[in-house]
Amino acid sequence: MKSLRKIITRSILLTAAIALLLVTINLSFLTSFMMKYSSNHPLKYAISDISDGLLNSDGTYELNSSATILMNKQFVWAMLIDREGQVIWNKNLPEDVPLQYTLADVASFSRWYLNDYPVSVWEHPDGLLVLGEPKNSTWKYNITSTENTIAHIPGFIVSFFFLNVLIALALALFLGLWLYRKLKPLYNGITALPKKEPLTLPTGGVTGEVARILNETSVILFQQEQQLAHRDQARTEWIAGVSHDIRTPLSMVMGYASELEINPRLPAAEQNQARIIREQSQRIKSLIDDLNLASKLEYHAQPMELSRVSPAALIRGVAVNFINDGLTAPYSLSVDVTEETNSPILLCDQALLHRALTNLIDNSIRHNPRGCNITLSVTNLTTGLVIKVSDNGKGYPPELIKNSGGLDESLLLGNHGLGLIIVRRIMKIHGGKVVFENLPDGGCTASLVFIS
């Protein structure tokens, strides 16, 4: 849910930033527009300069060069009206412009239009100078306002700006909340997919298509989960059933082989064959037990009996069992513990950890037929502890070490059987891991890492 809030927060801030940017751009554009197009309006001093440039020489009026340049920049025609309303001079005067005016006519056009020509006027020593612009070129209307209104314009502009900001923020918040309501069901649906349960998200609105796909996906995942669970249960039951069915005839084979092995009436060669039958039968029984245990560990069908165990005492017990079972040369087994390693207490299933250590020692013996020295040790860490099974034999194959941390457990099989897979699964249900390493001076180490 935190990630969804993060997305919504960023969306609101982004929307607000875009809205504020648009407000700023609009204000900048309006300012630029006003500055650009207002510059074309004739300035008062330009009109007065044109008036000053209209000279009377013995009753003949002439516009000097500088005044002509100023006029041509903005105006297309000009005329001078004397005090009796008669046009006494003109330049480029259109045909639809009269040559005689009353006082009322002058009052009418002096600030606005003359026959739709925008005009500007200026007092000349001999009358009134009228400058005309092209039709439809300039908008000229008077806007009258009170002093009170003009005084409040700055405050109005500031208020208008902040109103735009508030509207932008409100819009951003509204869109964010709307997006949150639309995305929340999708977010909940996506986070619920790993549970492999059917979803019933609403399929209306803009997110309806995505919701429909999530609903269909959840149904497919649920069906697959049911099929896998059914298959795993069937396989576990099949392995358990086969293991049970094999034990009875196998026990009979082992029993008869044991009797033949000690029968004094049989020749020594036949007694030896009976011993081989018994040992191989025992090995088959061990393999069946490994297969059954590996299956239970994989599907969490093996119940855990947790107890508080001293790791040092645990490895001593494993070593004593091997020595009492007749571990002989060229193999040796030693325990390396200190006073510090006696104090930690490990919450674990003692029988399963005993089995894991036994498998590792058996692995060292099986793969070093010429003998090796095996050492069991415990090391305290700040984050937990490590139980190590080391030997000075030929070490692990490189491909086993390379792939020991992967998901494909078949790479651990090789000629190691199920022993190392069982070790790995035992550590997994204890919340730890097993690390396989080859030592620089020869030999290898299997580390059972427990995280506190």
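**Figure 1. Buried residues of helix H9 in a predicted model**. Helices are DSSP runs of H or I with at least four residues, strands are DSSP runs of E with at least two, and both are numbered from the N terminus. The 17 residues of H9 (residues 350-366) should span 24 Å at 1.5 Å a residue, and the end C-alpha atoms are 24 Å apart, which agrees. The expected span is 1.5 Å times one less than the number of residues. Asp349 caps the N-terminal end of H9, with a side-chain oxygen 3.2 Å from the backbone nitrogen of Ala351.

The model is predicted: local features need pLDDT of at least 70 and side-chain atom pairs count only at pLDDT 80 or more, while totals for chains, interfaces and linings use all residues. Residues are numbered from 1 along each chain as its sequence is written, and side-chain values use heavy atoms, leaving out hydrogens and water.

**Figure 2. The bend in helix H5**. H5 (residues 147-192) has 46 residues and reaches 67 Å from its first C-alpha to its last, close to the 68 Å expected at 1.5 Å a residue. Buried residues of H5 include Val165, Ala168, Ala172 and Gly176.

**Figure 3. Ser137 in the loop between strand S7 and H5**. Strand S7 covers 127-132. Ser137 counts as partly exposed because its relative accessibility is 40%, and partly exposed runs between the buried limit of under 20% and the exposed limit of over 50%. Its side chain reaches the backbone oxygen of Pro134 at 2.5 Å. Ser137 and Tyr117 are 20 residues apart in sequence and 8.5 Å apart in space, C-alpha to C-alpha.

**Figure 4. An open sheet of 5 strands**. The strand order is S9-S11-S12-S14-S13, with mixed pairing; two strands pair if DSSP finds at least two bridges between them. The edge strands, S9 (331-336) and S13 (433-438), each pair on one side only. S13 and S14 (residues 444-451) pair in the antiparallel sense over 6 bridges. Phe436 stands opposite Ala446 in S14.

Methods. Buried means under 20% relative accessible area, exposed over 50%, partly exposed in between (1.4 Å probe, protein chains only). A polar contact is a pair of N or O atoms within 3.5 Å; within protein, one must be able to donate a hydrogen and the other to accept it, and residues adjacent in sequence count only if both atoms are side-chain atoms. The bend at a residue is the angle between axes fitted to the seven residues ending there and the seven starting there.
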